[in-house]
Amino acid sequence: MPENSFADIILPLAVRGRFTYRIPGDIADSVRPGVRVSVPFGSNKICSGIVCNTHNNKPAVRNLKSIISVLDAVPAINEYQLKLWLWISDYYLCCEGEVMKAALPSEASLDNYKPRLETYIKLSQKFTDDELNKTLDTLAKAPRQQEILSTYLRLTGYSSGSEIMPIAKSLLLSEADCSPNILEPLTAKGILSSVSMPVTRLNESDSYREPVKKLSEAQAAAYESITSAFKFKNIVLLHGVTSSGKTEIYIHLIEEQLKIGKQVLYMLPEIALTTQIILRLKKHFGSVTGIYHSRFSDPEKVEIWKRVADTDPLTGYRLILGVRSSLFLPFSNLGLIIVDEEHDNSYKQQDPAPRYHARDSAIMLAGLHKAKTILGSASPSVESYNNAVNGKYGLTELSERYGNIKLPEIIIANTREAYRKKLMVSHFTPELLNAMDVALGKEEQIILFQNRRGFSPYIECSECGWIPVCVQCAVNLTYHKGIGSLVCHYCGYTAGMPSKCGNCHSTGMVTRGFGTEKIEDDIKIVFPAARVARMDQDTTRNKNSFSKIIKAFEERRIDILIGTQMISKGLDFENLTVVGILNADNLLNYPDFRAHERSFQLMEQVSGRAGRRQKLGKVVIQTSDPANRIIRLILRHDYKRMFSLQAEERMTFNYPPFCRMVKISIKHKDRSLLNYYSEILGKDMKAIFGKRVLGPESPVISQVQLWYIKTILIKIEREKSPVKAKQLIIGAIERLEKEKGASSLKIAVDVDPY
Ligand code: ADP
Ligand code: ZN
Ligand code: ZN
């Protein structure tokens, strides 16, 4: 067979289409899918890209360029990864280069990866016990040196006949409490010698193995139901109330997979959650367990990447705990993917492209590996539950908490009435204060949930109602008291706190609404003796800040923890009995067709943090609308009713999962040009899709960072071919891009927007 003479290359650029290059004869053997190559690009640039495929169809272009060189002996990405990239680009209508940028650790670090070396100390030869005793005797006059040698022997357990074991120099010196210069004479005398060995950059504590926990009867039944469903279905939804032991069931499923030599990917929506679960996993599975999220540095990411690619069962990772980007790791042998808290919207990447949904992409990835997927949640997404009810997924339900612990008692506190009767203390109802008081008296812990960070969502002139807004975005600035500034949560713009109104110059500026920072301030006044901490985007900027706060709470060094949705998910604290939801109204009134589903999930999940062990938990939900339907359902923990109401509503008004949605946002710095171009696209879309097109319209936030925004929403029937529809959408966008002046537009496509 003649060799292929052309290769399609994926370059890390936001440009649609692939780039074809000629393959020079001398490197033809090494140009294979997945290897990195360097190629000329533009007039005088050199770029490195990934070979997607090779072929013999000469492209109809003049001056076809040639590949310069091949950068990898073994492909940088394997065939599963390549297939996943192509699927994501295809399904989410983004460029392959954008997927590449998101998926591959930075180019430079892949190249410069060198294992870090550490000095180890070992016996220079296999001494006999006799020889060692004599040596120790001769060191009697040098007791510090003697100490080092005996510490080495103690740590390694060496005796004649056993293998020589190197131990880290740093460890030896600290155990013997000696400085390096005491070690020198020992190596000079030829008793000990030093060697350099690669170490892992990641903080790896020595792990011990603990057998997995015995499942309760209900859990064992659920486990059975899952494994038997897997005989016929590739995906099972585990709907289990909070603290029913879903994690323990996952652990059993993981053990099963590791035993037969398969890899497992365990996905979580939030970095904060990984810190608790990783310990639970390592306890059972030891050092084959790796963790992956965006807070790692590039060299650390490369290290994890290499260990996932490492197929040696002793040194490679077999189990990865990670957030959405862990999908892109070089798995070669997946048997199971667990998507925990599957309903969580953090699984959807918003910006930049690829705007992929990690749950849905995980199902795709599992399919490529012929692996199984388990989706877990206490309040599944309407989409997944619908798939389970339809029989597309298996369904396993766990309706009791482990150990006969009751679900927490829910108390609805009416803020409107409390304000009217002047019973509110700051933002706290008597019901909440009372519950907190009782808990603090018993040295139990409390979580307060408020979905807004900062001190107050905006400030206002009490004379004329003027509100400071961002100079670049159409949003109010949020007041952050700690830094004494107004901050835009969309672009980070900050401004000083104005002393006077910008409109009428009155000095009566007042704060409106409340965020986590204000709650923290006020609670310290109400409960001056309590130890209070806050967990939100502002207090968790450092890599280890999550684990620090969680650890402090676990060790009961915090009585009251205030936080945003970061604290709502998956955390398991023994002594936490009271949860307060400070303002349910701003969840329920969010302008989105998923608002009710989300509020239910969020409240159910925050509540699930309370009373997970012996003590009965209590949840106080503050709202001005106690009759609200969702609030009534939360009261009864009635997920199924919530689902059927939502499903009905979405069917009636044609929303997902009963249709597919594609959202196109168009941005321009000039408002009238934006209107002009968005009308062109809107008309074109309507000519193709008719009534399925909504817009163009201005979104709630109509300007961000000086860019004005319009959106067009297209609803496509489930029965229609998504492939065809997507081609038509791309076609319309490409026609718009050819319009004069359209290059100053930014166009983004979002498939299944969240
Ligand atoms: P979920 O993931 O459903 O919220 P978890 O798996 O975190 O629930 O379980 C809640 C708590 O109960 C955890 O502390 C867990 O260790 C404990 N637990 C659950 N099942 C068992 C079991 N079979 N044996 C011992 N402890 C269990
Ligand atoms: Zn004013
Ligand atoms: Zn802004």
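In this predicted model, Cys 504 counts as partly exposed because its relative accessibility is 33%, a value between the 20% and 50% cut-offs. Cys 461, in contrast, counts as buried, because its relative accessibility is 2%, which is under 20%.

The metal is a zinc ion (ligand 2), coordinated through the SG atoms of Cys 461, Cys 464, Cys 501 and Cys 504 at 2.3 to 2.4 Å. Angles among the 4 donor atoms run from 103 to 115 degrees, and the site is tetrahedral. Along the chain, the donors are spaced as C-x2-C-x36-C-x2-C. Distant parts of the chain are linked here: Cys 461 belongs to strand S18 (residues 458-461), while Cys 504, 43 residues apart from it, sits in the loop between strand S21 (494-496) and strand S22 (509-512).

Attention now turns to the other ligand. Ligand 1 has 17 residues around it, of which Lys 214, Gln 219, Thr 247, Asp 572 and Arg 613 come nearest. By class, this shell is made up of 8 charged, 6 polar and 3 nonpolar residues. Helix H9 (residues 246-259) gives the most to the shell, with 3 residues.

Arg 280 contributes a polar side-chain atom, 2.9 Å from an oxygen atom of the ligand. Of the 560 Å² that ligand 1 exposes when taken alone, the protein buries 87%.

How values were computed
Residues numbered from 1 in each chain as written. Chains lettered and ligands numbered in written order. Predicted model: local features only at pLDDT ≥ 70, side-chain atom pairs only at ≥ 80, totals over all residues. Heavy atoms only, no water. Near = heavy atom within 4 Å. Polar contact = N/O pair within 3.5 Å; in protein donor to acceptor, adjacent residues only side chain to side chain. Areas by Shrake-Rupley, 256 points an atom, 1.4 Å probe, with all protein chains shown as cover. Helix = DSSP H or I, 4+ residues; strand = E, 2+ residues; numbered from the N terminus. Nonpolar A, V, L, I, M, F, W, Y, C, P; charged D, E, K, R; others polar. Donors = N, O, S within 2.8 Å, 3.2 Å for Na, K, Ca; no water. Tetrahedral: all angles 85-135°; square planar, octahedral: opposite > 155°, others 65-115°. Buried < 20%, exposed > 50% of the residue type's maximum accessible area, 1.4 Å probe, protein only.
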